[in-house]
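Please have a look at the chain shown here.

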Amino acid sequence: MTKTICSACNAELEAESKFCPDCGTPNASPKVPPAPVAVTAAENVAKPAQNNSQLSVLGYVLTMLALSLPIIGIILAFVWAFGAKTNLARKNFCRAVLILSGMFLLITIVGVVANYSALAELIGLLL
Ligand SMILES: [Zn+2]
């Protein structure tokens with residue numbers, strides 16, 4: 001309990017009290033306990049540490065090399081593209097790679113299906 005001095009009679013009084021117990025003068029500087037700060041649910045949720053730093057040239061080179069690895073590359077692309085703690089530059093790069101890879105895969109499938117008979121004939125000629 002902290003004490004303060006009455007502005008009228010100089011009596012010692014509790015800092016939290018509103019009036020002086022001796023003379024009844026309102027406490028000039030009542031020490032109001034701080035109201036508990038309402039923490040919203042959004043603020044309360046621990047945000048995953050987002051790494052927004054730049055990716056170096058070496059970082060890009062290593063990322064591209066890692067993504068070019070068979071099987072491991074596609075797993076790393078998904079991990080980096082959707083991982084919570086991935087460097088933002090690497091995350092966006094991996095998302096772009098996944099979008100382009102998906103587009104090329106789709107185009108290839110459509111192309112093979114659309115030209116299946118021609119391809120089968122060509123393979124037949126080669127064999
Ligand atoms: Zn007083």
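The report goes from the whole chain to single residues.

**Basis.** This is a predicted model, in which local features need pLDDT of at least 70, side-chain atom pairs count only at pLDDT 80 or more, and totals for chains, interfaces and linings use all residues. Residues are numbered from 1 along each chain as its sequence is written, and side-chain values use heavy atoms, with hydrogens and water left out.

**Confidence.** The mean pLDDT (the predictor's confidence in each residue, from 0 to 100) is 86 for the protein. A score of at least 70 is reached by 84% of the residues.

**Fold.** The protein has two strands and five helices. Helices (H or I, at least four residues) and strands (E, at least two) are DSSP runs, numbered from the N terminus. Their order from the N terminus is β-β-α-α-α-α-α. Of the contacts (heavy atoms within 4.5 Å) with a separation of 6 or more, 29% join residues 24 or more positions apart.

**Surface.** The accessible surface comes to about 9,800 Å². Carbon and sulfur atoms hold 70% of that surface. Accessible areas come from the Shrake-Rupley method with a 1.4 Å probe, and for residues only the protein chains shown count as cover. Of the 127 residues in the protein, 20% are buried. Buried means under 20% relative accessible area, exposed over 50%, and partly exposed in between (1.4 Å probe, protein chains only).

**Zinc site.** Which residues coordinate the zinc ion? Cys 6, Cys 9, Cys 20 and Cys 23 do, each through SG, at 2.2 to 2.3 Å. Donors are N, O and S atoms within 2.8 Å of the metal (3.2 Å for Na, K and Ca); water is not among the atoms, so sites may look incomplete. The zinc site is tetrahedral, with angles of 106 to 116 degrees among its four donor atoms. Four donors count as tetrahedral if all angles lie between 85 and 135 degrees. Along the chain, the donors follow the spacing C-x2-C-x10-C-x2-C. Cys 9 and Cys 23 link distant parts of the chain, 14 residues apart. Cys 9 sits in the loop between β1 (3–5) and β2 (12–14), and Cys 23 in the loop between β2 and α1 (41–44).

**Nonpolar core.** A nonpolar core is a set of buried Ala, Val, Leu, Ile, Met, Phe, Trp, Tyr and Cys residues joined through side-chain atoms within 4.5 Å. The largest one has eight residues: Ala 66, Leu 67, Ala 77, Trp 80, Ala 81, Phe 93, Cys 94 and Leu 98. Helices α2 (57–67), α3 (72–82) and α4 (88–114) are the elements that give two or more residues to this core. Beyond its neighbours within four places in sequence, Cys 94 touches Thr 63, Leu 67, Ala 77, Trp 80 and Ala 81.

**Single residues.** Gly 59 lies in helix α2. The C-alpha atoms of Gly 59 and Ala 89 are 9.7 Å apart, across 30 residues of sequence. Asn 10 is in the loop between β1 and β2. Its phi is positive, about 60 degrees, although Asn 10 is not a glycine. Ile 71, in the loop between α2 and α3, also is not a glycine and has a positive phi, near 65 degrees.

The table gives relative accessibility.

| Residue | Relative accessibility | Class |
|---|---|---|
| Cys 9 | 35% | partly exposed |
| Cys 23 | 39% | partly exposed |
| Gly 59 | 9% | buried |
| Asn 10 | 57% | exposed |
| Ile 71 | 66% | exposed |

Methods
Four donors count as tetrahedral if all angles lie between 85 and 135 degrees; four count as square planar and six as octahedral if opposite donors are over 155 degrees apart and all others between 65 and 115; anything else is irregular.
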